[in-house]
Amino acid sequence: MREFRNDYSEGAAPEVLAAIARVSQEQNVGYTEGDAHCDHARQLIRTMCGQPDAQVEFCIGGTSTNVICLNGMLRPWEGVICTPDAHIVVHETGALAACGLTALPTQDRDGFLTPEAAEHVWQFQTSTGRHMTIPAAIYITNTTELGGVWTRERFDAICDWAEGHGLGIFLDGARLGSALTAEGNDLSLRHIASRVDALYIGGTKNGLLMGEAVVISGKGPHAQRLREAFPYLVKERGGLLAKGYLLGAQFETLFAREGVDAEGNAWACEEGEELYWRQARSANECAARLAAGLEAAGLEPYGNSTSNQRFFAVDPERAEKLSEAAGCETFYTLDDGRKVIRFVTSWATTQADVDDLLAFAQTL
């Protein structure tokens, strides 16, 4: 049975591998500095974001991207407000703290950063002047760590709050493709880019071998600070790939309107149907089929995800059997002893893969 452990167990989409193979026969300038593929990818991403003046940069992976961007936006005595389950808090081995920066978690428990909880942290941290770490930015993820998808109303509310307090806004988009193609989503990449200081578009979890595209679109002081610092921080923090043109070629393939597939056949698509969006939408469709089938098999959904991450609360015996068969991971243990387990679909998941798991779940 195919595993549903995460969305980066597979290598890369065939179109991406074909692009890498073609580029590998060329000679290009390194470090993402002026090669034709990075330049083209940057232009495609600026157009997709509706930000012709955005600074677009490329990093290797999500953790280094978060560290580099937040280092660029914050000064040493400043901190970033986030949820307690934020990736920078629970899944990055203290990378932010190792750089001398402080995460300031709220009491939000569903993965969404709210103005009310952020205000509580703000009030506390600013209550004694220079004796406390001063909040200077907010960190949000779309999708959230629990697979939640931000609505425009919710997103605008936290952005309004941050702007009202003079804070920078950074969005971790490791699974942004899944979020923006999820059922019920009413946000767009262009709207997000118009409100944040910086975001990154995740490639590692949507069909690339590796790579994230940073978009610095803001005009305020935090964005300006990051624009100036990024070229140096990306090197200092180990996020700069010598063969950077390979990152450019991959994003070039994800956002191109026309190209050549793995078999050498030409293809073209309309806006919104580029490979990035097609792959994310396919993962979401498989996740929806899986969730409906698991619920029909008697598993209780946990949370309200409509993305490619789906969570269920099950007894320990079922959790162990599902983990052994499908690689799903346990995220929490509830007070009643049940385990909250996560199933993740990817660009490579098929409907047949889903049906195999559902047939197994029916036997439990």
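Colleague: Are Glu-57 and Arg-42 buried or exposed?
Modeller: Glu-57 and Arg-42 are both buried. By buried I mean under 20% relative accessible area, with exposed being over 50% and partly exposed in between (1.4 Å probe, protein chains only). Keep in mind that this is a predicted model, where local features need pLDDT of at least 70, side-chain atom pairs count only at pLDDT 80 or more, and totals for chains, interfaces and linings use all residues. Residues are numbered from 1 along each chain as its sequence is written, and side-chain values use heavy atoms, with hydrogens and water left out.

Colleague: Thanks! What does Glu-57 form with Arg-42?
Modeller: A salt bridge, with 3.6 Å between the closest N and O atoms. Glu-57 is in strand S1 (residues 55-59) and Arg-42 in helix H2 (residues 36-49), so the pair links distant parts of the chain, 15 residues apart. For a salt bridge, a side-chain nitrogen of Lys or Arg has to be within 4 Å of a carboxyl oxygen of Asp or Glu. Helices (H or I, at least four residues) and strands (E, at least two) are DSSP runs, numbered from the N terminus.

Colleague: How many salt bridges does the structure hold?
Modeller: There are 23. Side chains of opposite charge can pair when their charged atoms come close.

Colleague: And which residue does Asp-353 meet in a salt bridge?
Modeller: Asp-353 pairs with Arg-2, at 3.8 Å from N to O. Here too distant parts of the chain are linked: Asp-353 is in helix H14 (residues 351-361), Arg-2 is in the segment before helix H1 (14-23), and 351 residues separate them. Asp-353 counts as buried because its relative accessibility is 13%, while Arg-2, at 34%, is partly exposed.

Colleague: Since you mention H14, which of its residues are buried?
Modeller: Asp-353 again, along with Val-354, Leu-357, Leu-358 and Ala-361. They sit on the same side of H14, because they cover an arc of only 135 degrees around the axis. That arc is taken from the directions from the helix axis to the C-beta atoms.

Colleague: What covers that buried side of H14?
Modeller: The cover includes helix H12 (275-296), helix H13 (316-326) and strand S13 (339-344). Contact here means heavy atoms within 4.5 Å.

Colleague: New topic: which residues of helix H6 are buried?
Modeller: In H6 (residues 115-125), the buried ones are Ala-117, Ala-118, Val-121, Trp-122 and Gln-125. Their arc around the axis is only 140 degrees, so they fall on the same side of H6. On the other side, Glu-116, His-120 and Phe-124 are exposed. Among the elements covering the buried residues are strand S2 (78-82), strand S3 (102-105), strand S4 (134-141) and helix H7 (152-164).

Colleague: And the largest nonpolar core, which residues touch the most other members?
Modeller: Ile-45, Ile-201 and Phe-255, out of 57 residues in that core. Helix H11 (residues 245-255) gives the most to this core, with seven residues. A second, separate core has 27 residues, including Ala-137, Phe-170, Ile-216 and Ala-223. A nonpolar core is a set of buried Ala, Val, Leu, Ile, Met, Phe, Trp, Tyr and Cys residues joined through side-chain atoms within 4.5 Å.

Colleague: Last one: where does Thr-306 lie?
Modeller: In the loop between strand S10 (300-301) and strand S11 (309-314). At 25% relative accessibility, Thr-306 is partly exposed.
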